[in-house]
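Here is a short briefing on the structure shown below. The topics are the layout of one chain, the contact between chains, and a few local features.

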Amino acid sequence: MARFAAGDRVRVHKQFPPTPPSHIRTPYYIRGLSGTVERVCGAFRNPEELAFGRPGTPEVPLYRVRFRQKDVWPDYEGNEADKIEIEIFEFWLDAEGDEA
Amino acid sequence: MSGDHHHHHHDHDHDHDHLHPYDPEHHHPHRADQDDTMTYYRLMEEAVRELMIEKGLVTPDDIRAEVEAMDARVPANGAKVVARAWTDPEFKTRLIETPKEAIAEVGHDIGPMRLVVLENTPEVHNVVVCTLCSCYPRWILGIPPDWYKSRSYRSRVVREPRTVLREFGTEIADNREVRVHDSTADMRYFVLPMRPAGTEGMSEAELAALVHRDAMIGVTEVSA
C-alpha cells in the first residue's frame, strides 16, 4: 500500500552517483529536495529492475510530487508560484523531517 | 506494444539540438535518407521480425495493421477531445477524472496509456516535457515533434519555462503560475488548453480545427 497520500510533504533521497550500472527515473536535478505529494498514481513494476530484464515485482507505489521552482533552481526567474511536478517512486522518498 | 517507452529511440543520429519556435513558414532541413545504411538496430529489428513470422508468432498482416494503427494516431484526435471538453462541461469532468473512458466516447482508444489531463486556467498554464528521454502521449497525439526530443527543450523548459515558452511565441502573464510536468515514469500528460475568446458561436468541429498539437503539449495557446 502507498505510504504517502496527497498533500504529504516528502523529501527525495540524495544519492549521487547511484551505484553503477543502474537505470533510474529520478532526475538528478530533483534529488535532495522537498515537495508535496500531488497524487498517488498507483503501483507499477520497478523500472530500475525492469531495465535489466528482471521482473520488477512487487509493484512499487508511484507519486506525482510538486516542487516550487524557487526551491529547485535558486536563480529561478519567474512567478514565486511556479511549480514543477515529477513522478517519483516511493523508495526514493522519505517523509519530510524523517530522513536519515 | 508500448511504443512510447524508454529504450528504443534510435532515430537520433541527426542534429536537432535546437529549438524551432512555432513558425508555419519555417522549413526544416530534410533528414538524410537512411535506406542505404544497415545499422545495428535496423538489422536487429529485421532479424527479430523475420524470426517471429517464421515461428508463427505474428503474421506480416499483424505487423502492417499495427503500423497502420500507429500512423492513425495524429494530433487531430486530441483536438477532437479538446473541442468536446470545451462544449460539454460534463464531458470535461469525465475527461479529467477518467480519461481513458472519456476519450473512448470520442472514438479513440488510448490503449494501456495512463493519461493525466492538465487543464489550463486563467490561474495556471501547464507544459509537458520528458527530461529523461521523450515520453509522450503517443496513443492520442501520435509521434512527438523533433524539438520535443531535443536536449535543448528537455533541459531548458524545466529550468526557464517562461523563456522557452516565449520562444514559441507564448507570453504567460507574470501573475499566472507556470506548471511544468516532467514525464519521468508511467504516466503520460495531455494539456487541455483554454478556449479562446470569440469562439462562442462555433461548432465542435470548427473548434477542433483551431486546436493544434503544440497547444496540447502546452508550449502554445489556442487563438481564434
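## Briefing

The C-alpha centres of domain 1 and domain 2 of chain B are 32 Å apart. The domain assignment places domain 1 of chain B at residues 40-70 and domain 2 at 73-217. The model is predicted.

**Interface of chain B and chain A**

- On the chain B side, 27 residues are in contact with 26 residues of chain A.
- Together the two chains bury about 2,100 Å². Carbon and sulfur atoms carry 48% of that area.
- Polar contacts across the interface link 17 residue pairs, counting pairs with both residues at pLDDT 80 or more.
- Several elements of chain B each supply at least two residues to the side that touches chain A: β1 (114-119), α8 (151-159), α9 (161-167), β3 (177-182) and β4 (187-192).
- The largest share of that side comes from β3(B), with six residues.
- By residue class, the side of chain B that touches chain A has 10 nonpolar, eight polar and nine charged residues.

**Strand pairing between the chains**

- Strand β4 of chain A, residues 83-89, is joined to β3(B) by four bridges.
- These two strands run parallel.
- Which residue of β3(B) is the bridge partner of Glu85(A)? The partner is His181(B).

**Salt bridges**

- Over all chains, the count is 25 salt bridges.
- Between chain B and chain A, the count is three.
- Arg159(B) forms a salt bridge with Asp75(A). The closest N and O atoms of this pair are 3.6 Å apart.
- Within chain A, the side chains of Arg9(A) and Glu96(A) meet in a salt bridge, at 3.3 Å from N to O.
- The Arg9(A) and Glu96(A) pair links distant parts of the chain, 87 residues apart. Arg9(A) sits in strand β1 (residues 9-12) of chain A, while Glu96(A) lies in the segment after β5 (93-95).

**A cis peptide bond in chain A**

- Most peptide bonds are trans.
- Thr57(A) and Pro58(A) are joined by a cis peptide bond. Its omega is about 0°.
- Where is Pro58(A) found? Pro58(A) is in the loop between α1 (47-50) and β3 (60-68) of chain A.

**To recap**

- Chain B meets chain A through 27 of its residues, and β3(B) gives the largest share of them.
- The β3(B) strand also runs parallel to β4 of chain A.

Definitions and conventions. Residues are numbered from 1 along each chain as its sequence is written. Chains are lettered from A and ligands numbered from 1 in the order in which they are written. This is a predicted model: local features need pLDDT of at least 70, side-chain atom pairs count only at pLDDT 80 or more; totals for chains, interfaces and linings use all residues. Side-chain values use heavy atoms; hydrogens and water are left out. Contact means heavy atoms within 4.5 Å. Buried area is the accessible area (1.4 Å probe) that two parts lose on being put together, summed over both. A salt bridge is a side-chain nitrogen of Lys or Arg within 4 Å of a carboxyl oxygen of Asp or Glu. A polar contact is a pair of N or O atoms within 3.5 Å; within protein, one must be able to donate a hydrogen and the other to accept it, and residues adjacent in sequence count only if both atoms are side-chain atoms. Ala, Val, Leu, Ile, Met, Phe, Trp, Tyr, Cys and Pro count as nonpolar, Asp, Glu, Lys and Arg as charged, and the others, Gly among them, as polar. Two strands pair if DSSP finds at least two bridges between them. Domain bounds come from an automatic or database domain assignment.
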